[in-house]
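This briefing concerns a ligand and the pocket around it. The structure is shown first, and the points that follow are grouped by topic.

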Amino acid sequence: MVVQAALRAAPAAARPVTYVRQRRTMVVSALAGPAIMVNSCTGKMGHSTAEAVVRAGITLVPYSFTGQSEAVAVGKMGVSGIPVELVGPEERQAALDHIRSKYPELIVVDYTLPAVLNENATFYCENKLPFVMGTTGGDRDKLLADVAASGNYAVIAPNMGKQIVAFQTMMEMMAERFPGCFSGYTLQVAESHQRTKVDTSGTAKAVVASLNKMGLPYGEDQIEKVRDPAEQASRMRVPESAIDSGHAFHTYTVASPDGSVVLEFKHNVCGREVYAEGTVDACLFLHRQVQAAAEKKLYNMIDVLTAGAMR
Ligand SMILES: NC(=O)C1=CN([C@@H]2O[C@H](COP(=O)(O)OP(=O)(O)OC[C@H]3O[C@@H](n4cnc5c(N)ncnc54)[C@H](OP(=O)(O)O)[C@@H]3O)[C@@H](O)[C@H]2O)C=CC1
Ligand SMILES: O=C(O)C1=N[C@H](C(=O)O)C[C@H](O)C1
C-alpha cells in the first residue's frame, strides 16, 4: 500500500512502464492450469487473497484492476515479492484480452467496493470470465440476475471463511428444520468492522434472513453497525491490533419477552486470512466446475463447503 501511495504521488512521466508498452514487447506463451487474478490487490482483502494464492502455489496473474481512472496503467505493487501491474478502468478490456491469451484458465476474484461490484460483474459476464465475488453490498438481486442471465460461472458469497460459512449453514439448517422456533422472542444484532467498511455486513444480513425464518421479524436496516474505534475496543472487545487493520465481530442476541431465556450467537474474526484462504478454495472449486463444463453455474460458499472443497 505504501508502494502504491508513492507511485500515485509520482508524476505521470515518472511512473513505471505502462501496461500498453509492456503488451507490445512481451512474448506471450499460454500457461496451463488455473491462474488467479485478484481485483484489487490495492485493497485489504485483495492483497491478502493474492498472498494466499501465492502461498498455495497457484499462479497469481501479475495484473490487478483498480478503481483509479487517471491513467492507463497506474503503477505496480508487490505481492509476496511478485510485482503486480495495476490497471485502471479505461485499459481493463485491452489488458484482459492480453491476460487471457497468456492465462486461458483464468479465474477472477473481486474484492472491491459495494458501489462498483455490479458494474464489475457485468464486465466479467460480458467477457465470460469465471469469477469469485467476495465484495458485499451493491444490488444483490441484480447481481444474481445478471450472472444467471449471462450463463457465466461464478461463486458469490458475503463470507468466504470456512468456519463462518459452516455457522451460516447451521443457522439456515436450523431455520429449515425448526421454522418459527423463536416466535414471540426478540432479536438484536450488532456487527463491528474497521471504520472504512461502508456497508452493513453481508454476513449479518444472511444470518438475519435465517433468523427471520425462525420467527424473528427483523429488518436489515435494524442491524447495528459499530464503526467507532473506541466503542469497538471497550464494548465489542476488539483487540487494538485489529481495530483498523480488519475485524468482524458479530453478536446476535435472541431473548424471550420476559428476558428469562437468552441465546447469544457470536462469531469474532481478527484479520483477513480466514477469508483469503477460503477465496482460494472457491477459485479452485470454480476452476474444476468450469473444466468439467458443469451444468450449474452459479454457486455460493455453502456449495463449496458442501462439495468438500475447502482445504
Ligand atoms: N466475502 C468475504 O469473505 C469478505 C468480503 N469482504 C468485502 O470485500 C470488500 C472489500 O473489502 P476491503 O478489502 O476491506 O476494502 P478496501 O477498501 O481495503 O479495498 C477496496 C478496494 O477496491 C478498489 N476499487 C475501487 N473501485 C474499483 C474498481 N472499479 N475496480 C477495481 N477495484 C476497485 C480500491 O482500490 P483503489 O482505491 O486503489 O482504486 C480498493 O483497493 C467489501 O465489500 C467487504 O465487505 C471483506 C472481507 C471478507
Ligand atoms: O468488510 C469486512 O471486513 C467483512 N465483510 C464481510 C461482510 O460484509 O459480512 C465479511 C466479514 O464480515 C468481513
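The largest pocket of this predicted model has a volume of about 980 Å³. Ligand 1 sits in this largest pocket, and the protein covers 85% of the 930 Å² of accessible area that ligand 1 has on its own.

**Lining of the largest pocket**

- The lining comprises 44 residues, and Met 45, Tyr 111, Thr 112, Leu 113 and Thr 135 are those nearest the centre of the pocket.
- Two or more lining residues are contributed by each of H3, helix H5 (117-126), helix H8 (202-213), strand S11 (247-255) and strand S12 (262-270).
- By class, the lining residues of the largest pocket are 15 nonpolar, 22 polar and seven charged.

**Shell around ligand 1**

- There are 26 residues around ligand 1, of which Thr 42, Gly 67, Thr 136, Met 160 and Lys 197 come nearest.
- The shell around ligand 1 divides into nine nonpolar, 13 polar and four charged residues.

- The side chain of Thr 42 has an N or O atom 2.6 Å from an oxygen atom of ligand 1.
- For Thr 136, an N or O atom of the side chain likewise lies 2.6 Å from an oxygen atom of ligand 1.
- A polar backbone atom of Ala 157 is 3.2 Å from a nitrogen atom of ligand 1.
- Helix H1 (2-9) and helix H3 (44-55) are the elements that give two or more residues to the shell around ligand 1.

Definitions and conventions. Residues numbered from 1 in each chain as written. Chains lettered and ligands numbered in written order. Predicted model: local features only at pLDDT ≥ 70, side-chain atom pairs only at ≥ 80, totals over all residues. Heavy atoms only, no water. Near = heavy atom within 4 Å. Polar contact = N/O pair within 3.5 Å; in protein donor to acceptor, adjacent residues only side chain to side chain. Areas by Shrake-Rupley, 256 points an atom, 1.4 Å probe, with all protein chains shown as cover. 1 Å grid on protein atoms, 1.4 Å probe; cavity = no way out; pocket = protein on both sides within 12 Å on 5 of 7 lines; lining within 4 Å. Sits in = over half its atoms within 2 Å of the grid points. Helix = DSSP H or I, 4+ residues; strand = E, 2+ residues; numbered from the N terminus. Nonpolar A, V, L, I, M, F, W, Y, C, P; charged D, E, K, R; others polar. Points joined across faces, edges and corners; volume = space filled by probe spheres on them.
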